[in-house]
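Please keep the sequence and the model open as you read along.

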Amino acid sequence: LVTARVAAEMLAREARRGKVAIIFGNERTGLTNEELSRAHAAVAIPTAGQGTICRKSLKYTGGTGPTSLNLSQAVGVLAYELFMAADAEERLQVEQG
């Protein structure tokens, strides 16, 4: 279980080697166990109702905010992190020659 930023960095590195894919579950049930078993990593995007990632699990903080994002919000967060990670990867490649 990783953050969106870490996942984006992983994807940017792996994309240099070949194709990568991102799968999103539906808003009501998420991904099935079979779908998750095919993934290299699972992403957690903390919200006001969740704590920090600790020991591969999210701890509920009892916060009053929402505990999940809708699909479009999750896609937007991950797309932003991917954009930032790809830009950083490109700058690194230029610096390394």
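Q: What counts as a salt bridge, and how far apart are the closest N and O atoms of R38 and E34?
A: A salt bridge is a side-chain nitrogen of Lys or Arg within 4 Å of a carboxyl oxygen of Asp or Glu. Side chains of opposite charge can pair when their charged atoms come close. Here R38 pairs with E34 in this way, and their closest N and O atoms are 3.3 Å apart.

Q: Where do the model and its numbering come from?
A: The model is predicted, so local features need pLDDT of at least 70 and side-chain atom pairs count only at pLDDT 80 or more, while totals for chains, interfaces and linings use all residues. Residues are numbered from 1 along each chain as its sequence is written, and side-chain values use heavy atoms, with hydrogens and water left out.

Q: How many helices and strands does the protein chain have?
A: Helices (H or I, at least four residues) and strands (E, at least two) are DSSP runs, numbered from the N terminus. This protein chain has 3 helices and 2 strands, and the order from the N terminus is α-α-β-β-α.

Q: Are R38 and E34 buried or exposed?
A: Buried means under 20% relative accessible area, exposed over 50%, and partly exposed in between (1.4 Å probe, protein chains only). R38 and E34 are both exposed. Across the 97 residues of the protein chain, 15% are buried.

Q: How many salt bridges does the structure hold?
A: There are 3 salt bridges in the structure. One of them joins the side chains of R5 and E81, at 3.0 Å from N to O. That pair links distant parts of the chain, since R5 sits in helix 1 and E81 in helix 3, 76 residues apart. E81 is buried because its relative accessible area is 12%, whereas R5, at 49%, is partly exposed. The side chains of R17 and E14 also meet in a salt bridge, at 3.6 Å from N to O. R17 is exposed, with a relative accessible area of 70%, and E14 is partly exposed at 36%.

Q: Which residues form a nonpolar patch on the surface?
A: A patch is made of residues with over 30% relative accessible area and no salt bridge; like charges are joined within 9 Å, and nonpolar side chains (Val, Leu, Ile, Met, Phe, Trp, Tyr) within 5 Å. In this model, I22, F24, L71 and V75 make up such a patch, with about 290 Å² of accessible area together. Those areas come from the Shrake-Rupley method with a 1.4 Å probe, and for residues only the protein chains shown count as cover. F24 lies in the loop between helix 1 and helix 2, and its relative accessible area of 36% makes F24 partly exposed.
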